[in-house]
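This report describes the fold of one protein chain, going from its overall division to individual residues. The structure is shown first.

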Amino acid sequence: MTHATTMDSDDTIAADRERFGRFFLPGPTEVRPEVLRAQLRPMIGHRGKAMEELIAGMQPMLQSVFRTTRPVYIASSSATGLMEGAVRNGARRRVLSLVNGAFSERFYQIALACGLEADALRVPLGAVHEPEAVAEALRKGAYDAVTVVHSETSTGALNPIAELAQVVHAAGDVVLLVDSVTGIGGAPVETDAWGLDFVLTGSQKALALPPGLALGVAQPSVLERAATAAGRGTYFDFVELEKNIRKHQTPNTPALSLFYALAVQLEHIRAETIEGRWRRHEAMARRCWAWVDEMRERGVALEVLAPPGYRSPTVTCIRLPQGTSGPAVVKALEARGYVIATGYGELKDTSIRIGHMGDHTVEELDAVLGELEGILAP
Ligand SMILES: *Cc1c(COP(=O)(O)O)cnc(C)c1O
């Protein structure tokens with residue numbers, strides 16, 4: 001590893017740019033060399049004017065990414081931290097957790113671990129939650145909060161969040177807590193227009209930053225609850241996060257180097273526009289699904305796990321032909337210089353997942369699909 005010593009040379013940056021486009025995990029995702037390099041800036045005091053300017057300068061772009069007029073919290077934790085914050089601050093007592101994969105199961109387990117009365121409404125892996133079924137469950141139980149994962153990274157299924165928000169709000173004083181970790185920055189999300197009471201993401205997915213930051217937006221509906229929530233804790237206390245972000249500060253020492261990276265990445269997003277980013281992800285996803293169809297026509301029995309119309313634009317889970325092993329395909333691809341993931345949990349042996357998110361292009365995706373073709377249909 002000669003990296004550490006040559007990090008600053010322009011040759012290395014050029015070489016890193018050259019190498020970009022081979023890492024397709026559904027998180028962490030590949031990070032541009034310029035964004036990685038932003039982390040080398042010197043430390044500043046986090047109670048000083050420079051820090052306030054850094055945070056203040058990022059807020060308008062963060063708001064345009066989330067499509068909100070609310071302040072955007074920047075927590076120095078992985079996304080799971082704000083999942084816990086969501087239930088601690090947003091739920092009163094009874095939670096309905098919509099479960100369709102590993103991350104929505106985690107949201108449910110977090111609610112239980114925080115001492116809430118939680119019920120899971122489950123649909124099969126690859127499926128999404130139908131608004132009517134959720135409305136029905138809300139009629140049966142006296143729930144005050146619903147947890148949902150927008151883009152279920154373990155299956156590639158995309159929940160109809162706007163419709164789900166409608167039925168949740170029609171049920172009365174119920175808030176919708178949304179994990180859009182592989183949605184925000186890749187799939188359209190309209191935080192304010194859809195009435196998402198709380199929505200969160202992590203830095204290392206569609207935003208294509210190193211891991212370590214969680215970003216979230218709370219509506220007044222959630223802040224009202226937070227104000228009287230006895231168990232809201234300290235690190236993810238939304239009352240404190242809200243009070244601080246309004247002063248362009250953070251309650252505790254922020255992961256400053258990651259803030260520098262975020263500031264640089266937000267400039268890239270500004271240049272592309274958020275709509276442009278959504279379109280690029282949509283194009284990558286369509287290319288991936290079309291490739292699966294092409295392969296099937298050639299006799300290789302691949303299948304996208306999620307049904308048409310409910311597929312995430314950022315991650316695709318592909319079922320492999322019988323007898324083909326997920327880990328073996330991933331290993332063979334690694335030998336060709338590309339990284340993708342196996343299926344998650346019980347899907348591990350029978351499927352693969354491609355994270356076509358972050359800063360990748362259709363051309364880069366084509367290259368990895370070409371290599372996969374060489375493995376699956378030699
Ligand atoms: C990656 C992921 C998480 C967990 O994120 P961490 O940053 O590891 O805490 C949660 N939900 C979804 C949908 C994810 O893809």
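This is a predicted model: local features need pLDDT of at least 70, side-chain atom pairs count only at pLDDT 80 or more; totals for chains, interfaces and linings use all residues.

## Domains and their interface

The chain is divided into domain 1, residues 39-270, and domain 2, residues 274-376. Their C-alpha centres lie 27 Å apart.

At the interface, 30 residues of domain 1 are in contact with 22 residues of domain 2. The two domains bury about 2100 Å² between them, and 62% of this area is on carbon and sulfur atoms.

## Nonpolar cores

In soluble globular proteins, nonpolar side chains tend to be buried together. The largest nonpolar core here has 83 residues. Met 58, Leu 82, Leu 177, Phe 198, Phe 238 and Leu 262 have the most contacts inside this core. Helix 11 (residues 256-272) supplies the largest share of the core, with 10 residues. A second, separate core has 26 residues, among them Trp 289, Val 329, Leu 333 and Tyr 338.

What surrounds Phe 238, once its neighbours within four places in sequence are left aside? The residues in contact with Phe 238 are Tyr 73, Leu 82, Gly 85, Ala 86, Asn 89, Phe 198, Ala 218, Val 222, Leu 223 and Ala 226. Two of these, Leu 82 and Phe 198, are also listed with Phe 238 among the residues with the most contacts inside the largest core.

An open sheet of 4 strands has the order 10-11-13-12, and its pairing is antiparallel. Strand 10 and strand 12 (341-342) are at the edges; each has a single partner strand, so one side of each is left without a neighbour in the sheet. Strands of a sheet pair through backbone hydrogen bonds, either parallel or antiparallel.

Strand 11 pairs in the antiparallel sense with strand 10 (residues 303-304) over 2 bridges, and Val 304 stands opposite Ile 318 of strand 11. With strand 13 (residues 351-355), strand 11 pairs in the antiparallel sense over 5 bridges. In that pairing, Cys 317 stands opposite Arg 353 of strand 13.

## Ser 151

Ser 151 lies in strand 5 (residues 151-152). Is Ser 151 buried or exposed? The relative accessible area of Ser 151 is 1%, and the cut-off for buried is under 20%, so this residue counts as buried.

The side chain of Ser 151 is joined to that of Thr 182 by a polar contact of 2.8 Å. Leaving aside neighbours within four places in sequence, Ser 151 is in contact with Ala 157, Leu 158, Asp 179, Thr 182, Gly 183, Ser 312, Thr 314 and Val 315.

## Glu 117

Glu 117 is in strand 3 (residues 117-122). Its relative accessible area is 37%. This value falls between the 20% and 50% cut-offs, so Glu 117 is classed as partly exposed.

Which residues are in contact with Glu 117, apart from its neighbours within four places in sequence? They are Arg 93, Arg 94 and Val 95. With Arg 93, there is a polar contact of 2.8 Å between the side chains. The C-alpha atoms of Glu 117 and Tyr 143 are separated by 9.1 Å, and these two residues are 26 residues apart along the chain.

How values were computed
Residues are numbered from 1 along each chain as its sequence is written. Side-chain values use heavy atoms; hydrogens and water are left out. Two strands pair if DSSP finds at least two bridges between them. A nonpolar core is a set of buried Ala, Val, Leu, Ile, Met, Phe, Trp, Tyr and Cys residues joined through side-chain atoms within 4.5 Å. Buried means under 20% relative accessible area, exposed over 50%, partly exposed in between (1.4 Å probe, protein chains only). Contact means heavy atoms within 4.5 Å. A polar contact is a pair of N or O atoms within 3.5 Å; within protein, one must be able to donate a hydrogen and the other to accept it, and residues adjacent in sequence count only if both atoms are side-chain atoms. Domain bounds come from an automatic or database domain assignment. Buried area is the accessible area (1.4 Å probe) that two parts lose on being put together, summed over both.
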